[in-house]
Amino acid sequence: MGISIRNQNKGIEVRTLNHLTIPRLLLTVFAAITCAQAQPQLRNNGIADGPPGRVLPQNALLHAQFNNPYQAIENFEKLILSAVPERLVPPDLKPLMDEEHPLLTLLGMQTVQAPLTQEQIRAMTGLGIDRPLTLTFYLGEPGKSFIVSLPVDDFDAFSGFLEKSLKIRSFESVSVGGKTFVKAGLKTPWLQTIYLAGSADRVYLSGSESLLMLLYPGATDLHLADSPLMRNLKDITSKNDLWLTFNPNLLKPFAPQLEFFKYIPLNMLISKRAELLQNIPPDQKAMIDMRLRLQLGVNGLEEFSDYVECFLSATYEELYDLVVTGIRSFNGISLGLKLDSAFPRASFYLHSDSLQADASTRPIPLGDVRDALRRIPGTHRHISITGQTPTIGPSPRITSWLSRLKAGIEAKKLNPNFVIALQKIHLETLHAQPVSSRVPWTLQTSTSVNPPPLMGDFSSLEAYGNSLSDRTGQPITRFVTITPRQQDDVLEQSLRQKITAYEQNTKLVNQTLFPKHQPMQLIDKVYRLKSRTLDRGVKEQTWETAFVSRGGLFGFNQHELISRSVYYTRNVGDWSIFHQASGSPGWIEQLQPLASPQANKGLERLLDQVPNGANSLCAHRFLAGLPDVINTAADFEALLHRDVNGYLTRVRSISRETPDKAEFTRKIQSIQFPPLVQSINRNPETGDVYCLLPGGIVYPRPAVLPHLVRLFSAFSEHADDFGGLLCYTRVEDGTYEGSIVPSTESLANLIRLVGNSLHEQLLSTPNALDELRDQVWMPQDRDPSRLSEIILKNPALEFLPIPGQPGAWGTPAPKTEPKISVTIAPRASATPKRQIDLTNYYNASMNETWQVGGLAENDLKSLPQGNPEFCGVPFDVRGIVQLTGNSAEEQLSVKFPQKVPGIAVNQNASKLHALHACAWTETDGNQIGSFVLHYEDGETRELPIIYGKHVRDWWTPANTPATTDSQVAWKGANTASSASQIALQIYKTTWDNPRPEVAISTIDYVSSRSQAAPYLIAITLE
């Protein structure tokens, strides 16, 4: 049940939510201080004075502290205000912006009719919210083993505030051991009793009187601030506004108990091994022994199981020691949050005795890195920096594991030679050292080493696209590595050592494991490094990994499979720079250090947040690149307009000279569509020719993106001066820190400056916003009537639906029943009975567009009608039986049936010939429908219709595969298909009747509801 605090005079109401445990706890704790009758006075009860860390007892399991809540509120207010567009502020609120704390003033006026200042809050509640609030948990019952401390400046105001706010079950003063405090009985089932006591400036609340007793002077000499962990947290607590620490020291005494369980799994393993060996039949055991002696050289299954036991035991003991050592060295975890208005920070801290600064990555010399960033040209919007990494050597854990394994094998008097060989290989293996371990620091920055061509340099989108195609396989950006200049080429050194290490390690393995007979190899793995010097001191390093065959095939002595990486390296000033090749080395050849340092304000402000001793960092400044994205989009729109205008000029010229629609269509088919033109349309009333772009957008239209460029222009001028996201790590003796620092300045400036520009350019001028809206969204856009004005569609964009067409994006598709508008001819009296009469089952006419909601003028008028022959079979061709499918349901405005049952037959047949097709495509091999034959004796048989086998989409583009079990009965065209240069096809399919001896009563024509929608023109029996 929730708790409400209501002040009838001031109109304040605060409600707690049932699932918010800590707020509910605090409000319930407050309830313990009030009583309707004879309330005990809450005063200084003799609790020790001083900050909570000097009063709370030691051995806390979890401690959370909010250093200065009011300062956090002010910082949040600064963040909000920095993003407020001044020109969008309503006139009646502008005087409020001149206040020292506008938001707090506004909040106070709406609640207590006075500015919500620190003094006002103190007068209302008695709380000193500029001092720390704490919540501490101890080992014990969760509902009792906690202490909450609240700073109080005025006990009377605090007591009065609580007295008017909450009601509780009981409230009394108690004395335990000569110490007086308040005991409150609560109505909540999860917490029955709570105790309260005060010091000179603070109130402490707890669910346990024994915990509260420890706060009195002399009760204990062990305080929270004196614990080893808290002493090490002084830096953390001072630089974070809100922090939480988990201290596992109370749990560490239980770690030795794990020793009792150490050997239980090993004993279980030994016992299980003996049981398994006993259950193996003697004849099978003899066979296994023989194979093990021949293949592994061990004396049977017993000895082999000894080796396995040694291996598993050594592995288990090593992992066990690793876990126990980790527990013993683990000192806790801390989380910190700095609530800064410009650079908030979230930090994670791991405390462990195993963390040593000397064994970790070296601290970054930030001064040297800053100098490099100021001197080397580039935007440096994405960078990562690391100090010198430790030298790679043999793993201590593997060394220890091998020693355990050897000791176990020797204890069982087994042959340890293999393990000795592994130890030799492990200790003598040469480790190639990376570049980062050879230099004081390494900087990687994302740079455009292969910049794309400018759109403004091209006459069309096609020419621009062709230019990009010529650069396929050449990435635009690369991460360029920058290091302090060394006497030798560190990249070449690292790569050459990698080759030496591979060759030496391969030789070491062969000589150690195969001292007598070297293993036969059919393929050699080879590393190569080719180095050459190019112009301006650029070195090209080509690293190859090749697999080379020893025996030749097809007349060749060797075959090679090569993977190759190419790097360009160059010394520039005091730095060495290299990157993986991307096109030509032009970028690095032309790179020159700046004559005078140029600091990037945004990046410098981010780096100012990095503390001394940071080992690695990365910075990403995404919003700084937003103006480039907007300008590129505007250039693209301008090039698109140039393309479409040129295309429209040619088409309109032809339109003026060619009034005939068919002739006009034929002429413009030879003109290539611009890439983003979906169709060319002509208004039949005015003769005006226009285009439809994807999304049903009508063209000509004014350019829109220049408005966006102007809207962002104020932000673009300063986009590079603010913002970004910084992450860094730092390792000190006993502590690892990982922090994330987002800069809110750029986002705040974006909102403020764009908001002001919005007011200046659009909102301050009458009708300016309406005019822009009309340009962005013209009334003709997505007008369904545009579908009937399409003259020619772009075949390359045929897959895109046009809004206004039923089933297209955001367009509802109302469904109507099929209606035949053009009369179907009657059946000829001389038509044989074998040609099944479908008159009563037709739901569409071939002489009209029956797939309503699809393309206009899409019909079968040109299909011969009457009693023509197709593929040697006569058919009764007069109408269409159309079934539904998923695509038809989505795109058409007419609803066709899934099944047409009971087509009358009443005769025997050996074969069934169908003249049919389908609309829309489906995956080859999928069933799209069927003919279900009902025989006069009550039995049924199904003849499935398979896409790709019996029919395909009647719109048949060139190079469409033929059906496997049907013949193309007819090829033709209609107005819609001619405009898209696609042929129409109808198919003749023949099935054998599964039961020719029994008369067929009726046939059901059924759709499988696939993507395709089958339709039937005629059936003839044989």
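Tutor: Start with arginine 701 and aspartate 781, whose side chains form a salt bridge at 3.1 Å, N to O. The term means a side-chain nitrogen of Lys or Arg within 4 Å of a carboxyl oxygen of Asp or Glu. Arginine 701 sits in the loop between β23 (697–699) and α22 (705–711). Aspartate 781 sits in the loop between α25 (768–776) and β26 (790–793). The two are 80 residues apart in sequence, so their bridge ties together separate parts of the chain. Helices (H or I, at least four residues) and strands (E, at least two) are DSSP runs, numbered from the N terminus.

Buried or exposed, what is arginine 701? Arginine 701 is buried, because its relative accessibility is 12%. Aspartate 781 is buried too, at 6%. Here buried means under 20% relative accessible area, exposed means over 50%, and partly exposed lies in between (1.4 Å probe, protein chains only).

Before going on, note that this is a predicted model: local features need pLDDT of at least 70, side-chain atom pairs need 80 or more, and totals for chains, interfaces and linings use all residues. Residues are numbered from 1 along each chain, and side-chain values use heavy atoms, without hydrogens or water.

Some bridges share partners. Arg273, Glu302, Asp306, Glu309 and Lys412 are joined this way into one network.

Arginine 404 and aspartate 321 form a salt bridge at 2.1 Å, N to O. Arginine 404 belongs to α14 (residues 396–411) and aspartate 321 to α12 (residues 300–329). This pair links distant parts of the chain, 83 residues apart. Arginine 404 is partly exposed, at 25%. Aspartate 321 is buried, at 19%.

Aspartate 226 is partly exposed, at 24%. Arginine 54 is partly exposed as well, at 42%.

How many salt bridges does a search of the whole structure find? It finds 51.

Now the surroundings. In helix α5 (residues 118–125), Gln118, Ile121 and Thr125 are buried. They fall within an arc of 65 degrees seen down the axis, so they line one face of α5. The arc is that of the directions from the helix axis to the C-beta atoms. Exposed Glu119 and Ala123 sit on the face turned away from the buried side. Glycine 126 follows α5, with a positive phi near 80 degrees.

Elsewhere, Phenylalanine 76, in helix α2, is exposed at 53%. Helices α2 (69–82) and α4 (102–111) each supply at least two of the patch's residues.

Finally, confidence. The chain averages a pLDDT of 87, and 92% of the residues score at least 70. This score is the predictor's confidence in each residue, from 0 to 100. Over residues 1–38 pLDDT stays under 50. Where pLDDT is low, the predicted coordinates should not be read in detail.

Note on methods: Contact means heavy atoms within 4.5 Å.
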